[in-house]
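Here is a short walk through one model, for someone who likes cut-offs spelled out. Have the viewer open alongside.

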Amino acid sequence: MDWSPDGDAVRIIDQRRLPEVFVERDLCTLDDVCDAIRTLAVRGAPAIGVAGAMGIVVASRAFVDDTPDRFRERVRATAMAIRATRPTAVNLPWAVDRMLGCAASIDDSPHAILEALRREATAIRDEDRTMCDRIATHGLSLIPDGARVLTHCNAGALATAGIGTALAPIYLAVASGRRVEVFVDETRPLLQGSRLTSWELTRAGIPATVIADNMAASLMRAGRIDLCIVGADRIARNGDVANKVGTYGVAVSAHHHGIPMYVAAPTSTFDYATPNGDAIEIEQRSADEVRRGFGVLTAAQDARVHNPAFDVTPAALITAIVSDRGVHRPPYDFAPTAHPFAAAVA
Ligand code: MRU
């Protein structure tokens with residue numbers, strides 16, 4: 001994710017078009033940004049945080065000639081609209097609130113505030129890259145030579161500003177000469193695993209085998225999976241993890257078969273204010289994603305549908321959580337800590 005060359009837009013890869021075509025898109029207005037996040041043109045918890053922060057900058061250009069007070073009000077309204085696009089991944093409110101803090105701290109002209117916001121958004125993006133690299137380093141010891149790894153959804157480069165979260169230790173393991181084979185859950189209903197993770201891994205030359213979600217348990221039973229690693233959208237203080245729907249089923253199966261279940265996420269995914277997974281709001285998405293995903297009718301036209309985008313995996317099923325700060329093992333109690341980049345931010 002980057003600024004367009006003139007700095008007037010946020011340039012994203014349109015993930016809705018993958019794997020068929022690689023298309024970049026410039027987001028120039030508030031509507032562009034909100035629509036891209038809601039429709040999953042840009043998706044993945046860290047990526048929507050970064051897109052939200054950068055989106056505030058490009059959308060706020062429209063009122064930079066207002067008075068400072070009016071400008072601040074309109075930046076706030078813009079930020080709140082972006083914050084409301086998706087409710088589950090905490091990275092989005094985390095990034096938006098940081099941008100609002102930045103705007104509030106500058107007592108200067110709208111042009112000066114806008115420039116400070118651009119620097120802050122760029123820092124949020126660059127820090128996300130660094131956090132991915134640190135997750136890779138900390139998680140490397142979890143991926144032995146010859147590992148056969150199961151992953152769910154897409155927690156790779158496409159979902160972040162860097163090399164990914166769950167896929168980061170895999171990329172580093174392969175770069176270090178280890179042989180790794182990845183089984184990729186297709187990830188119903190929007191197929192982020194088969195469309196995005198298999199595309200990403202194949203491009204990187206990493207052996208990836210797509211399976212339908214209902215095949216994972218039998219592969220585990222057959223002894224063909226050594227470990228599972230997934231990303232996260234929100235991690236509660238007690239270590240409960242909200243992630244793409246289906247993650248809970250993977251964790252239950254892994255637990256039953258004695259297979260390690262790892263979660264990888266940056267500091268921006270930890271929600272210290274939420275005591276446990278029951279308090280996490282789960283996004284409900286449109287029935288048509290299930291009834292006619294990608295245009296083909298696959299259920300009765302008027303079938304009732306339940307379509308939560310995420311589920312919660314209890315901490316008791318998670319072997320370890322890898323973050324940019326290290327490998328955390330149970331019992332989990334994630335107390336607020338200084339952000340790893342606090343010095344740079346202050
Ligand atoms: O609905 P999505 O595609 O945004 O959901 C994304 C996921 O659940 C990912 O697995 C999660 O965000 C981790 S991203 C590094």
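## Confidence

The chain has a mean pLDDT of 96, pLDDT being the predictor's confidence in each residue, from 0 to 100. Some 97% of its residues reach 70 or more. Helices (H or I, at least four residues) and strands (E, at least two) are DSSP runs, numbered from the N terminus.

Over residues 342–346 the pLDDT is below 50, and this stretch has 3 contacts in the model beyond near neighbours in sequence; a contact means heavy atoms within 4.5 Å. Where pLDDT is low, the predicted coordinates should not be read in detail.

This is a predicted model, so local features need pLDDT of at least 70 and side-chain atom pairs count only at pLDDT 80 or more, while totals for chains, interfaces and linings use all residues. Residues are numbered from 1 along each chain as its sequence is written, and side-chain values use heavy atoms, with hydrogens and water left out.

Strand β1 (residues 2–3) runs antiparallel to β2, joined by 2 bridges; two strands pair if DSSP finds at least two bridges between them. D2 sits opposite R11 in β2. The two strands make a hairpin with 6 residues between them, and G7 in the turn has a positive phi of about 80 degrees.

On its other pairing, β2 is joined to strand β3 (residues 24–27) by 4 bridges, again antiparallel, with I13 opposite E24 in β3. In a regular strand the side chains alternate between the two faces of the sheet. For β2 (residues 10–13), V10 and I12 are on the covered face, while R11 and I13 are on the uncovered one.

## A mixed sheet

An open sheet of 4 strands has the order β11-β8-β9-β12, with mixed pairing. β11 and β12 (310–313) are at the edges with a single partner strand each, so one side of each has no neighbour in the sheet. Strand β8 (residues 234–236) pairs with strand β9 (residues 241–244) in the antiparallel sense over 2 bridges, and R234 has A242 in β9 as its bridge partner.

## Helices α4 and α5

How do α4 and α5 pack? Helix α4 (residues 91–105) and helix α5 (residues 110–139) are at an angle of about 150 degrees, with axes 9 Å apart. Axes are lines fitted to C-alpha atoms, for helices over the stretch in contact, and angles run from 0 to 180 degrees between N-to-C directions. Among the residues that meet are W94, R98 and M99 in α4 and I113, L117 and E120 in α5.

P110 belongs to helix α5 and counts as buried at 7% relative accessibility; buried means under 20% relative accessible area, exposed over 50%, partly exposed in between (1.4 Å probe, protein chains only). Leaving aside neighbours within four places in sequence, P110 is in contact with V64, D66, T67, P68 and F71. The C-alpha atoms of P110 and A242 are separated by 38 Å.

## A buried glutamate

E283 lies in the loop between β11 (270–271) and α10 (288–291). Is E283 buried or exposed? Its relative accessible area is 6%, so E283 is buried. Neighbours within four places in sequence aside, the contacts of E283 include R86, P87, T88 and F310.

The side chains of E283 and R285 are joined by a polar contact of 2.7 Å. That term means a pair of N or O atoms within 3.5 Å; within protein, one must be able to donate a hydrogen and the other to accept it, and residues adjacent in sequence count only if both atoms are side-chain atoms.
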